[in-house]
Structures are given as C-alpha cells and as structure tokens.
Amino acid sequence: MDPHVALLRSHLNRITREFFSQRGYLEVDTPILSPALIPESAIEVFETFFLYPDREPLPLYLIPSPEVWMKRLLVKGWPSLFQITKSFRNAESIGRLHNPEFTLLEYYTRGADYLASIEVTEQYFQYLIDHLPQELLSSDLNAFRPPFRRMRMEEAFQHFAGFPLGPLDRKGLIERAKSLGLTLPDEASWEEAFNQVFVHLVEPNLPKDRPLVLLDYPAEVLCLAKRIPGTPWRERWELYISGVELANCFTEETDPSEIDAYFLQEGEKKRNARIPHPLDVSFRDMFRDLYNSSSEGKALPCSGVALGVDRLMMQLAGKSSIEGVILFPISDIVSL
C-alpha cells in the first residue's frame, strides 16, 4: 500500500469520527477478546488462551464483530454508539474481499429501525463525499452518492432468478434451484438453497450504477433482526457499492423468546464448527431481564449497522482488492 492510500484511510477515520460525534453518537472502545460469543454458524473464529500462573488456561476468542460488547452497553441504557475496530474471521478465502483481520465501523442508533439506518448511512456517505480530499480519491463518486437505490429481496429474486421467493418451502426452493442448473443435495436446508440461488444468480446481477440497499431478508435466514409482522421477512438490509457487499443492518431483536430460539438453533449448528466456542448466554439473558423489568415489556427500538472499512477504502481508492488498502495483509506476511 502506498502512503497516499494510508493518508486516505487516516482522513476517513477522522471524518467518520467527526460525522458520528457531531450527531450525538458516543465513540466506544471495547475488547477484541471474549470468553464467549453470540452464535453465528456461518462464521469460524480464532481461539487463543490466557495462561494463568496457577490454574488451567482460559480459552478466549477473537471477536468477529464488536456487537457482543456494544449491545451490552445499549441494554444498560447507553446512547447511540459507534466504534472503529479490528474484527476477525477464520476459515474464509484470502484475497480480494477477505482478510482474516479486518476493520469494521459499527454504529447503533437508539430509537431507530432499519429504514432510519438507511438515512443515517446516506448522510454518512454524503459527508464523506463532501469532506474527503478529492485528490486522494480514484473512484467515480456517483457510485457512492445518495440517495441509495432500494430493492426488496423478493423483487431481486423475481427479477434476476425469475421466481418469487416468499411462497416457497424448502422442497420448492430446492426444485427451483435445480431447474436453474444449480447443484444441491435433496437434504439441503432452505437457507442453503437460498444462498446458492442468491450467490450465483441474484448477487452478480444487482445494479451497480449507484449504491444499492437490498432489504427485507427472508426470515428463514437466521439472524438477530426483527421479523416484519405477518410476513416471511426480517427487518434487515445489506448495502452494495459497485456490486460489492459493504454493510449489514438490522432492526435489533429484543424479544427474549425470539432470541432464545435463535440461540437454540444457531447453537446447535455451532456444535459442528471447526473451533466450537461457548455461547454468551448472559447476552441472551440481558434481554429477558430487560423485558421483565420494562413497564411496556419491551426495549426501545435500536438499529445497528456493521460496515467493512477495508472494502469502503478499496472502493474509494479505486483498488481492485482490499490487499491494496491494508498495511501488511496476511497474503504479504505468509506464503500462501
């Protein structure tokens, strides 16, 4: 990486802090190690140990996201929060879009849902366009400029895969995927069939002329996002810039029964992980305590966004790979 790209990252960090601080968000600095994590079956983690002098080592895990800590603060009544931090994911491909150690910008807006978070993110992008030194940018800024195009997942499947997603059960979705030339075992889950169609037919064809928010994800794809009442969808979106997925957003789930169900199902899947880790049941219990102590029986709405800073840097600097915007990517450190 050349010094001009490092300078651009320095400006990006400074301007990001300006934007959120001016809007009343509190910057926090939480640990990158945790003795337990929120279960996410699609993510493999890194394990390490704290070596006590007089007892058994304590297993610790590098966080794949700071949410395990930031949500603890939100449950305690802290204001809207943001953080720029290192995060870690194991067992992923290394190269253009992945490095095992990466930088996340994560921000939580109190009193907001996922649609309000689109507006916050649009304002953030406009602030970057207005304040980043233009001489350091190597990209067409129209690729970043608000307003973002919005497309529902159902619309994307209908347009690019040729069928509506919502009405299909597991068997029907597998049959549709196979009819489109995709290979799937008959025992594949609904989520596995969805991912095959999405990755091979939908995602590559998403519009690239301006930022795209793909919203209303299937409820069958488990996550801690609220369900949209009376529908098969969740209050979730992902942001794409020039075809690259850059950010993920939820209206945060606070219903203890939904969180219990999530921990049960994802916890079972984590048993097959290459590095199993303890589940942070205290995280789950926080919401039950909050629910029981609230006069309305529920928490205030909150929406969180996790944005990949390295991928944003790649786009702003006009690079074809995040390896060009990271100092000492893993591909430069070890022989692959």
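Where is the place of aspartate 280? It sits in the loop between α7 (256-270) and α8 (281-293), and the views below start from there.

This is a predicted model, in which local features need pLDDT of at least 70, side-chain atom pairs count only at pLDDT 80 or more, and totals for chains, interfaces and linings use all residues. Residues are numbered from 1 along each chain as its sequence is written, and side-chain values use heavy atoms, with hydrogens and water left out.

**View 1. Aspartate 280 and its contacts.** With 5% relative accessibility, aspartate 280 counts as buried (under 20% relative accessible area, with a 1.4 Å probe and protein chains only; exposed means over 50%). Leaving aside residues up to four places away in sequence, aspartate 280 touches Ala36, Leu37, Ile38, Val68, Arg72 and Phe263 (heavy atoms within 4.5 Å). Its side chain joins that of arginine 72 in a polar contact of 2.6 Å.

**View 2. Helix α1 from end to end.** Helices here are DSSP runs (H or I, at least four residues), numbered from the N terminus. The 20 residues of α1 (residues 3-22) should span 28 Å at 1.5 Å a residue, and the end C-alpha atoms are 29 Å apart, which agrees. At the start of α1, a side-chain oxygen of aspartate 2 comes within 2.9 Å of the backbone nitrogen of histidine 4. Just after α1, glycine 24 has a positive phi of about 90 degrees.

**View 3. The buried side of α1.** Val5, Leu8, Arg9, Leu12, Ile15, Thr16, Phe19 and Phe20 are buried. They cover an arc of only 135 degrees around the axis, so they lie on the same side of α1. The face turned away carries the exposed residues Pro3 and Gln22.

Definitions and conventions. Helices (H or I, at least four residues) and strands (E, at least two) are DSSP runs, numbered from the N terminus. The expected span of a helix is 1.5 Å times one less than its number of residues. The arc is that of the directions from the helix axis to the C-beta atoms. A polar contact is a pair of N or O atoms within 3.5 Å; within protein, one must be able to donate a hydrogen and the other to accept it, and residues adjacent in sequence count only if both atoms are side-chain atoms.
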